[in-house]
Amino acid sequence: MRKIAGMTVLTAALLTGCAPKQAPPPPAPVAPARPTVALDPESYMAFTASSALFGVQASRMAEARGSTNKVKKFASTVVMDQTGIGAQLSFAGRYIDLLPSSRPLPEHQQMLQMLATATDFDGTYKAQLARVLREAAAAHRAFEASGDSPTLRPVARFAAPVCEKNLAALQKL
């Protein structure tokens, strides 16, 4: 065997595999997606009402099943905030004959069913809620900027920062 600085090549190779490795940097916070095209009013109402309903129902589960008081307190805030968004959508929808559904879209319903049976409730709740809040915030921002309904644009202007605030608080949990 060949010697390198008093060590055999084999020993040197083994020791280099034991060298401490740097930990990867923590992931950067994910900013809400910003679609450039607003949904039509009917699709906007259906999607954002379902998103708010998901937030309320998932957070009610979290109030009961969350593993810490911090998660439960956060969930209570989300229930209030997303109920407010739902109320704004319903109020505005009356003026344009476009009421939100009282049932979530199939995608959100499926997520709620997954959450109800999750073994890692907190992790599933956080991941699902982050996704829904990001998508809802993006839909509200796009509609605020270029939505076709002057009645729904103020709702979008109100709702986008609420979703973004909930998302920022969620990322700190």
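Asp97 is exposed, because its relative accessible area of 73% is over the 50% mark. Asp97 sits in the loop between helix 3 and helix 4 (106–116). Most residues other than glycine have a negative phi. Asp97 has a positive phi of about 55°, although it is not a glycine. These values, like the others below, come from a predicted model.

**The overall fold**

The protein has six helices and two strands. Which order do the elements follow from the N terminus? They run β-β-α-α-α-α-α-α. The protein has 173 residues, and 39% of them count as buried. Its accessible surface comes to about 10100 Å². Carbon and sulfur atoms hold 60% of that surface. Contacts across the sequence tell another part of the story. Take the contacts in the protein with a separation of 6 or more: 75% of them join residues 24 or more positions apart.

**The aromatic rings**

The structure holds four aromatic pairs. One of them joins Phe74 and Tyr125, with ring centres 6.5 Å apart. The planes of Phe74 and Tyr125 meet at 65°, so this pair is edge-to-face. Phe74 lies in helix 3 and Tyr125 in helix 5 (residues 121–146). The pair therefore ties together parts that are 51 residues apart in sequence.

Another pair is formed by Phe121 and Tyr125. Here the rings are stacked, 6.0 Å centre to centre, with 10° between the planes. Phe121 and Tyr125 both belong to helix 5. They are four residues apart, about one turn of the helix.

Tyr125 takes part in both of these pairs. Ring pairs link Phe74, Phe121 and Tyr125 into a cluster.

**A glycine in helix 5**

Gly123 is also found in helix 5. At 29% relative accessibility, Gly123 counts as partly exposed. That value falls between the limits of 20% and 50%, so neither buried nor exposed applies.

**The largest pocket**

Rolling a probe the size of a water molecule over the atoms shows where empty space is left. The largest pocket has a volume of about 160 Å³. Which elements supply at least two residues each to its lining? They are helix 2 (41–65) and helix 3 (69–95). Helix 2 gives the largest share, five residues.

The lining includes Ala49, Ala52, Leu53, Val56 and Arg60. Gln82, Thr83, Gly86 and Leu89 line the pocket too. Pro100, Ser101 and Ser102 are also part of the lining. How many residues of each class are there? Six are nonpolar, five are polar and one is charged. Arg60 is the charged one, because Arg counts as charged.

Terms used
Residues are numbered from 1 along each chain as its sequence is written. This is a predicted model: local features need pLDDT of at least 70, side-chain atom pairs count only at pLDDT 80 or more; totals for chains, interfaces and linings use all residues. Side-chain values use heavy atoms; hydrogens and water are left out. Buried means under 20% relative accessible area, exposed over 50%, partly exposed in between (1.4 Å probe, protein chains only). Contact means heavy atoms within 4.5 Å. Accessible areas come from the Shrake-Rupley method with a 1.4 Å probe; for residues, only the protein chains shown count as cover. On a 1 Å grid over the protein atoms alone, a cavity is a set of points where a 1.4 Å probe fits but cannot get out, and a pocket is an open set with protein on both sides within 12 Å along at least five of seven lines; lining residues have an atom within 4 Å of a point. Grid points are joined across faces, edges and corners, and a volume is the space filled by probe spheres set on the points. Rings of Phe, Tyr and Trp (its six-membered ring) pair if their centres lie within 6.5 Å; planes under 30 degrees apart count as stacked, over 60 as edge-to-face and the rest as tilted.
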